[in-house]
Amino acid sequence: MGGVIEVDYPVMSPGTCFICTGGPSPDRRWFDTLIDVWKKGRFYICSMCVENLADLLDLNPNQQLVDKIEQMEVENERGKRALAVLSSLRVDFGALDLDSPVGEVVPTEGIKGAKESASK
Ligand SMILES: [Zn+2]
């Protein structure tokens, strides 16, 4: 498609899109393939048909944006759930009274025995 150029509107016969046969309208852009088809005229393609072709090839930037937004929404939802879990953990830690003594450290028998033999 190296020969395709964008034009303001399809000036040569038949003056319509070769695919959808639509004529010039302000909401479309026009592409001239520079190909003349015998008895049919110049092979123009309108932007609507280009977008349809792009959809078929998964090349539509709008669709890619929609896909990206959907992916981000999934990640955002995952993040919200993770935050909720973290918040609940924070509440659980808050319920613990970390300032009160848990109990005295009791030396093991081995250390106790070593201290007793050292004091003798
Ligand atoms: Zn068209």
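Met12 is placed in the loop between β1 and β2. Strands here are DSSP runs of E of at least two residues, helices are DSSP runs of H or I of at least four residues, and both are numbered from the N terminus. The model is a predicted one: local features need pLDDT of at least 70, side-chain atom pairs count only at pLDDT 80 or more, and totals for chains, interfaces and linings use all residues. Residue numbers start from 1 along each chain as its sequence is written.

Met12 is exposed, because 12 other C-beta atoms lie within 10 Å. Leaving aside neighbours within four places in sequence, Met12 is in contact with Gly41 and Arg42. Contact means that the C-beta atoms of two residues, placed from the backbone, lie within 7 Å. Asp32 is 20 residues from Met12 along the chain, and the C-alpha atoms of these two residues are separated by 9.7 Å.

The loop between β1 and β2 also holds Pro14. A cis peptide bond joins Ser13 to Pro14, with omega at about 5°.

The protein chain as a whole has three helices and three strands. Their order from the N terminus is β-β-β-α-α-α. Of the 120 residues in the protein chain, 7% are buried. Contacts between residues at least 6 apart in sequence were also examined, and 52% of these join residues at least 24 apart.

The three strands form an open sheet in the order β1-β2-β3, with antiparallel pairing. Two strands count as paired if DSSP finds at least two bridges between them. The edge strands are β1 (5-7) and β3 (41-46), and each of these pairs on one side only. From one strand to the next, the twist averages 45°. Strands β1 and β2 are joined in the antiparallel sense over three bridges. Ile5 has Asp32 of β2 as its bridge partner. Strand β2 (residues 30-37) pairs with β3, also in the antiparallel sense, over five bridges.

Cys46 in β3 stands opposite Trp30. Ile45 in β3 stands opposite Phe31. Tyr44 in β3 stands opposite Asp32.

The largest nonpolar core has six residues: Cys17, Trp30, Phe31, Tyr44, Ile45 and Cys46. Such a core is a set of buried Ala, Val, Leu, Ile, Met, Phe, Trp, Tyr and Cys residues joined through C-beta atoms within 7 Å. Strands β2 and β3 are the elements that give two or more residues to this core. The largest share, three residues, comes from β3. Phe31 is one of the core residues. Not counting residues up to four places away in sequence, Phe31 touches Val4, Glu6, Tyr44, Ile45 and Val50.

Helix α1 (residues 47-56) lies across β2 and β3 and runs at about 65° to β3. For such angles, axes are lines fitted to C-alpha atoms, for helices over the stretch in contact, and values run from 0 to 180 degrees between N-to-C directions.

Most residues other than glycine have a negative phi, and most peptide bonds are trans. Leu34 has a positive phi, near 65°, and is a residue other than glycine. Leu34 lies in strand β2. Leu34 counts as exposed because it has 11 C-beta neighbours inside 10 Å. Lys39 also takes a positive phi, near 65°, in the hairpin of β2 and β3, which has three residues between the strands. Asp58 is not a glycine, yet its phi is positive at about 55°. Asp58 is placed in the loop between α1 and α2 (61-95). With 9 other C-beta atoms within 10 Å, Asp58 is exposed.

Notes: Buried ≥ 20, exposed ≤ 12 C-beta atoms within 10 Å, placed from the backbone.
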